[in-house]
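Hi,

Here is the structure I promised to pass on.

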Amino acid sequence: MAIKDYASYTAQELALDESFQQWVLRPEGGSRFWEQWRMVHPEKQADIQLAITLVRGIGFKSYTLDTAQQDRLWETLWEHIGEEEQHSSIKITATTKYTGYKSAWKYAAALLFGVAVSAGWMLLHNPQRAAPMQTLALRTAYGEKKDFYLPDSTMVTMNANTRLLYTATDTGRREVWLDGEAYFKVKHAQGQRPFSVHTYDNVSVAVLGTAFNINSMGKQVQVVLEEGNVRLDLGEASSNNNHELYLRPGEMLTYNKADGQYAKATVLTATYIAWKKGRLEMDNYNLADAAVFMEQVFGQHLVVSDKNLLLRKISGSMPIVYNADTMLMQLGKIFKVKVGRSGDDVWINGK
Amino acid sequence: MQVVTSRISLWERFQQGDREAFALLYREHVDDLYHYGMHFCADGERVKDCLQDLFQDLWQSREHLSANIRNIRYYLLSSLRRRLLRSLHRDRNWFSRPDMESFELECTLPREHQLINDESAAARIRDLQRALSGLTRRQREAIYLRFYQDLSYDEVAELMVMKIDSVYNTISKAIGALKKALLLPLFLLLLQYA
């Protein structure tokens with residue numbers, strides 16, 4: 001930024017200055033110049049205030065393309081792209097290239113067996129056309145949370161250390177295998193193509209235009225339904241021991257991986273979905289809950305030395321910082337405990 | 001700086017044919033582009049058609065586009081603008097319509113001004129509206145691009161094929177009108193509390 005003699009500027013001149021406007025309109029942009037300048041020029045307070053009011057005063061009528069409209073437009077334009085690419089016979093190969101497919105993982109080999117991966121997924125928009133099966137693998141590392149759009153426009157937010165495999169067949173059946181935690185907002189298309197999510201713990205969710213969260217990270221599988229309808233299939237599909245049940249919005253299913261016991265409960269869905277927006281919602285939250293969180297998101301093992309510390313409970317909400325040390329420090333402050341590290345373990349001690 | 005780097009790599013991924021990067025680009029920009037289109041011609045179907053063409057062409061020509069586009073938003077806005085103009089030129093009726101609705105400014109006064117409900121304040125706001133509607137369509141568009149779409153003065157001038165001085169003067173006019181509307185009520189307010 002060229003050095004200008006801002007001290008001699010009037011409010012109107014300040015309001016005209018590009019860098020001043022930027023500071024007012026996009027404070028997240030990060031320049032600290034004006035904050036500092038404001039501090040060293042107390043005599044300019046009134047001018048600065050007026051200039052801010054002027055810049056903020058300029059507004060325009062709002063028009064919004066809501067998500068449903070965005071989705072429709074996106075689908076239409078892909079259909080057109082699909083047609084044109086077919087005509088000009090440009091082959092889209094190996095859809096596994098689709099995204100940050102970083103490393104092979106244990107399940108992929110078995111599931112991909114016999115699956116021919118070839119043409120582009122836009123063909124799926126038209127089931128009558130002969131479209132080969134296609135697959136897509138996604139993963140997130142520890143300390144990482146990511147949003148993706150699946151080829152059918154389903155939005156998925158993956159929590160840390162999560163793997164997801166998506167396949168769609170020529171009949172339009174969409175299936176996802178999930179290991180970890182993810183939030184799905186499923187596109188409900190006219191043809192009602194089935195969409196189901198399987199975990200590796202004998203819990204499957206069949207979906208029709210729905211938003212839900214599923215977590216298979218710990219000893220349990222949790223499915224929380226935010227809106228819409230799902231059918232759950234529990235137990236091994238081939239055995240006689242499988243059950244089918246339905247969830248309504250606001251309900252949660254908890255399935256114990258070890259003994260196959262399960263229960264339904266009514267919950268506050270926002271608490272279970274807060275991670276998607278990068279927040280940790282704490283309702284009667286104790287260090288054991290924090291330990292589960294640190295393990296899931298950062299792969300860090302917390303060791304609590306004094307069992308009495310587990311009795312401390314707190315309620316509230318805080319932003320999740322995707323950095324293990326920062327997060328530990330924040331949790332330490334909230335619970336008023338000391339946090340130390342030895343190797344991969346994190347020690348929690350009373351103060 | 002980090003933002004810039006990640007944008008560029010998103011662009012690179014898009015150019016290499018990464019559909020996810022393309023989807024992210026679409027989601028990031030489509031709403032703002034629609035907003036611009038609606039202010040440009042207030043015809044939702046036309047705007048959506050142009051947006052569809054824009055993104056289709058973007059994907060199909062991805063390999064031929066410059067690898068170092070410094071501001072994707074600028075690039076998309078100028079492309080949409082060309083498409084809208086081309087589409088509107090084919091439609092003669094459109095140009096005979098009055099253009100008062102386009103890029104209409106909605107200026108807001110701070111809350112303390114809304115407290116003053118007297119005649120003179122209302123008259124001030126009417127004056128403000130009149131002063132702002134005295135700006136031409138091009139002038140309002142320039143103000144819009146700077147304040148709503150976050151283009152720099154340079155970019156606004158380039159996109160609108162205007163001299164940068166004209167951009168500056170236009171914005172100065174709008175701010176001047178706003179200030180005039182602001183100052184008197186503020187003075188009245190001070191009197192009330194004196």
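Helix α8 (residues 287-298) of chain A lies across β14, β16 and β17 of chain A, at about 160° to β14(A). Helix α9 (residues 324-335) of chain A also lies across these strands and runs at about 150° to β16(A). (Contact means heavy atoms within 4.5 Å; axes are lines fitted to C-alpha atoms, for helices over the stretch in contact, with angles from 0 to 180 degrees between N-to-C directions; helices are DSSP runs of H or I with at least four residues, strands runs of E with at least two, numbered from the N terminus.)

This is a predicted model: local features need pLDDT of at least 70, side-chain atom pairs pLDDT 80 or more, while totals for chains, interfaces and linings use all residues. Residues are numbered from 1 along each chain as written, chains are lettered from A and ligands numbered from 1 in written order, and side-chain values use heavy atoms, without hydrogens or water.

The strands form an open, mixed sheet in the order β14-β17-β16 (chain A), where pairing takes at least two DSSP bridges. β14 (301-304) and β16 (337-342) of chain A are at the edges with a single partner strand each, so one side of each has no neighbour in the sheet. β14(A) runs parallel to β17 (residues 345-350) of chain A, joined by 4 bridges, and A:Val303 is opposite A:Trp347.

As for the chains, 44 residues of chain A contact 47 of chain B. A:Asp71 and B:Arg27 form a salt bridge at 2.8 Å, N to O (a Lys or Arg side-chain nitrogen within 4 Å of an Asp or Glu carboxyl oxygen).

Best wishes
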